[in-house]
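Subject: Structure for your review, with notes

Dear colleague,

I am handing over the structure below, and my notes on it follow. Please read the two side by side.

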Amino acid sequence: MALTERFEIADKTEQNDLQLDRHGRLRHLLTLQGLDRQLITALLDEAETYLSGDGEPVVRGDALAGRTVANLFFEPSTRTRASFDLAGRRLGADVLNLDVNTSSRKKGESILDTIYTLQAMHIDIFVVRDAQNGVPAYIAKHASDHVSILNAGESDVSHPTQGLLDLLTIRLHKGGFEGLTVAIVGDIAHSRVARSAAEGLVTMGVGDLRLISPASLAPEAGSVPPQARIMHDLDEGMRGADVVMALRIQRERITNLEGIPGVDEYFAHFGVSSERMKLAAADAIVMHPGPMNRGIEIESKLADSPCSVITEQVRNGVAVRMAVLASVIRTLGAQ
Amino acid sequence: MALTERFEIADKTEQNDLQLDRHGRLRHLLTLQGLDRQLITALLDEAETYLSGDGEPVVRGDALAGRTVANLFFEPSTRTRASFDLAGRRLGADVLNLDVNTSSRKKGESILDTIYTLQAMHIDIFVVRDAQNGVPAYIAKHASDHVSILNAGESDVSHPTQGLLDLLTIRLHKGGFEGLTVAIVGDIAHSRVARSAAEGLVTMGVGDLRLISPASLAPEAGSVPPQARIMHDLDEGMRGADVVMALRIQRERITNLEGIPGVDEYFAHFGVSSERMKLAAADAIVMHPGPMNRGIEIESKLADSPCSVITEQVRNGVAVRMAVLASVIRTLGAQ
Amino acid sequence: MALTERFEIADKTEQNDLQLDRHGRLRHLLTLQGLDRQLITALLDEAETYLSGDGEPVVRGDALAGRTVANLFFEPSTRTRASFDLAGRRLGADVLNLDVNTSSRKKGESILDTIYTLQAMHIDIFVVRDAQNGVPAYIAKHASDHVSILNAGESDVSHPTQGLLDLLTIRLHKGGFEGLTVAIVGDIAHSRVARSAAEGLVTMGVGDLRLISPASLAPEAGSVPPQARIMHDLDEGMRGADVVMALRIQRERITNLEGIPGVDEYFAHFGVSSERMKLAAADAIVMHPGPMNRGIEIESKLADSPCSVITEQVRNGVAVRMAVLASVIRTLGAQ
């Protein structure tokens, strides 16, 4: 049954065996762990070809003509679902949006049976979001040879297309990654965004990666790349940073933080503010994966200031997802 | 935060400054107030070109090819959402249906951040329904120069595409508006439908506009055009009318009406019936915005009779929305 | 009002008068009762042309180009809704997915008014699922001459496209129906799947049709074709069967069964298992309409074994629905 189904957790090696074919091409996208610099660079390069300016016509293509993409979101989402939906349609796919909570799961069908059913309808790509660790790899392992699985958010563990759009945004502003100082700030412990960004940044050769959080929200040992520096002082963490990424924090998490009795105190200690940006590099950019809690993890004024690239991240997200969709379809076609 | 966000209410002049560009072209559609006869006539003329008969092929076009329309409904809706959805698709747009209640608002994101996020995905037109007064104008004021906002129902205040479809329906049956007597009947106080129809009818030069309601459901002073006559006796109001428009009443409102203890009494006093239609002009038409409470605000038999144009209103609604979508896209393209 | 609306139940003759035009062509699809062998064969033949193998491109067509299909599901569904959605889109239709529970019905609109509203938007085909007996025929009787109604699941009574996909699956594996022994197992009393399969199989001339259930879940007299044998012993029922179809049982039904205190006992008595398949023909196939309760009505291992054709049923479902959609559109076009 869905609620009691157990997913063996694939380890890093096994996930890469799953997500790359024997020629090293992207077969599924489960995690950024283990994707090499060349493959990520190729994805970012392709994503750039899908970008267009505000008010310009969107870039369209036919790489997915005749293909069907299913958005299978076991957690609610507006932005990521919409982003994949538009990415698929702009490449010519039929996109099926399935709200699985309200139907099959109620009836007690297992996740795999849902997948077996849908793949029998000739769905080529499943975009999966789930609150449980291990689901995308589990599905990839058991799905047909003719389908591809894309992880659109997996528990606290991984959000690889978010990681890619963060990389693209940084590359567009900074030209590359070498020598860069990147500060990721907030609830690192529970953030799939932080984890995927960290994995991607380390692969791309970032200079100094700082993960800054209250002590009780620091990442568990082994859950982030060893190259990352775990820090607890935001002023210190932001000093000289080229990129500052504020993470969303859930309000209920704040109430349990030692020495931080409320949101105002959280902002005082861990809020990314204009004042603190003076510590960063003069041309530093500010990022946030959204949705923002203005005034809690990020100062509202700063989010709307010229150094903020938050809406660019969203724009880049569609382009990155187009690149990923097109890549896995090419791999499927080459089998 | 969404729940506590305050929207400054744009006044009439400001709304028109927003919804028309400097050449007087339709840039957003926020309200019928202040749209002049020429602009409304042009919209109705274009809408007529999108009409086709029952069983005939629908009229399609490519005015929105490559464009993306987002239906952003903060209140549930079947008919208006479906109408905009079909209107957009029949003009070649990609249409994104977003049920915002179940996701972003739960996460506490502000309306503007939702808009900023979606416009970054290259959405060209936002179709917005909201229970709060002022939301469409607020969004139009803050959105990017490259997007257009269409009001698909705003609190009790305004429902401009409904007003336009009512105008088109009347014009198709009566040839024009001059000298016409129009009776709008029911819960005027809470009806955005009545308000938009009244505004449109006055602009188009209707002869005698009567707003008929129980005393406690009469419109507040200043909330309807001064040309409208406020009346409380339905027999008197329907006498000689060329057009009778019954409004939907919410059942819970009836229980609070003085001297009207239940739905039967409401029907007896304010129900539009075949019997009462004998007081109207011989060729009078009956309208209703739907969904109907048959037997409460309108006699069931009358709703299905030859003088009823209720389903024509729905058909005209798609055509009017196609005209509005095409118009704002032309305006965007001409910036 | 929706909740108290009464639907006269059309009898078999009346349903056929509704679903076939005067030339005997398919006008609506309400039930398999009364469709003759020739018509069903033609549908299956056409469905076969829409089949393609795993990993091959899907078959597409333009039979529904310019047409609009509305999925009007008053009961939740993932698989059937997705199947009709893809079938329509792969033939070029615009498909509108309407979740009616959350909107119009809340507002108290009658089903017919919902239909009248939507058909005024130039919807050509309504795909209707409803928990109440009689709804599809009721709608077909009152809808416009220009629309077609397809039953996508009606109470316990009928699920004709499921019946057709079951027939197609059997024909593809067994070559035909004559002389075949088919065992349908489980909660026959409440199964629209069993009823439609039984009706179709009898029309197609199946040799021996067995409906096997606990005594209290046997079909009511007259609710299944008289040719069917009502049985209560699964070993006896499966002996020599060419086709074994396990039905989904709702867990709450099991608790009321005499002598069957729980799901384990249900499986022991009425579960279709590998062990029991030894009683069936050597080349017997196993079917299930989904979603499965593995370990209750069907052994999990058996569902994944080579004799299982469960995912083929799903694949065939899309093809059958394409054939039905194309057929009724041809009939509409020939009026």
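Which residue is the bridge partner of B:A183 in β8(B)? In β8(B), that partner is B:V244. Before going further, please note that this is a predicted model, in which local features need pLDDT of at least 70 and side-chain atom pairs count only at pLDDT 80 or more, while totals for chains, interfaces and linings use all residues. Residues are numbered from 1 along each chain as its sequence is written, and chains are lettered from A and ligands numbered from 1 in the order in which they are written.

To stay with chain B for a moment, strand β8 covers residues 243-246, where strands are DSSP runs of E of at least two residues and helices are DSSP runs of H or I of at least four, both numbered from the N terminus. On one side β8(B) pairs in the parallel sense with strand β5 (residues 181-185) over 4 bridges, and two strands are taken to pair if DSSP finds at least two bridges between them. β8(B) also pairs in the parallel sense with strand β9 (residues 285-287) of chain B, over 3 bridges, and in β9(B) the partner of B:V243 is B:I285. The side chains of β8(B) are divided between two directions, with B:V243 and B:M245 pointing one way and B:V244 and B:A246 the other, and all of them are buried. Here a residue is buried if 20 or more other C-beta atoms lie within 10 Å of its own, exposed if 12 or fewer, and partly exposed in between, with C-beta atoms placed from the backbone.

How the chains are related

A rotation of 120° with 0.0 Å of shift along its axis superposes chain A on chain B, with an RMSD of 0.0 Å. That is the relation of a three-fold axis. Chain C can likewise be laid on chain A by a turn of 120° and a shift of 0.0 Å along the axis, again with an RMSD of 0.0 Å; these superpositions are by least squares on the C-alpha atoms of residues with pLDDT of at least 70 in both copies.

The contact between chains A and B

There are 22 residues of chain A in contact with 22 residues of chain B, contact meaning that the C-beta atoms, placed from the backbone, lie within 7 Å. On the side of chain A that touches chain B, the elements that give two or more residues are α3 (79-90) and α13 (310-334), and α3(A) supplies the largest share, 6 residues. By class, that side of chain A has 9 nonpolar, 7 polar and 6 charged residues, where Ala, Val, Leu, Ile, Met, Phe, Trp, Tyr, Cys and Pro count as nonpolar, Asp, Glu, Lys and Arg as charged, and the others, Gly among them, as polar.

Helix α3

α3(A) has 12 residues and reaches 16 Å from its first C-alpha to its last, close to the 16 Å expected at 1.5 Å a residue, the expected span being 1.5 Å times one less than the number of residues. Because 11 of its 12 residues are buried, α3(A) is largely enclosed by the rest of the structure; among the buried residues are A:R79, A:F84, A:D85 and A:R90. Just after the helix, A:G92 takes a positive phi of about 95°. In chain B, α3(B) is mostly covered, with 11 of its 12 residues buried, and α3(B) is followed by B:G92, whose phi is positive, near 95°.

The open sheet of chain A

In chain A, 4 strands form an open sheet in the order β2-β1-β3-β4, with parallel pairing. Its edge strands are β2 (94-99) and β4 (148-154), each of which pairs on one side only, and the twist averages 15° from one strand to the next. Strand β3 (residues 125-130) is joined to β4(A) by 5 bridges, and A:I125 stands opposite A:S148 in β4(A). α13(A) lies across β1 (68-73), β3 and β4 of chain A, running at about 150° to β4(A); axes are lines fitted to C-alpha atoms, for helices over the stretch in contact, and angles run from 0 to 180 degrees between N-to-C directions.

With best regards

Technical notes. Two residues are in contact if their C-beta atoms, placed from the backbone, lie within 7 Å.
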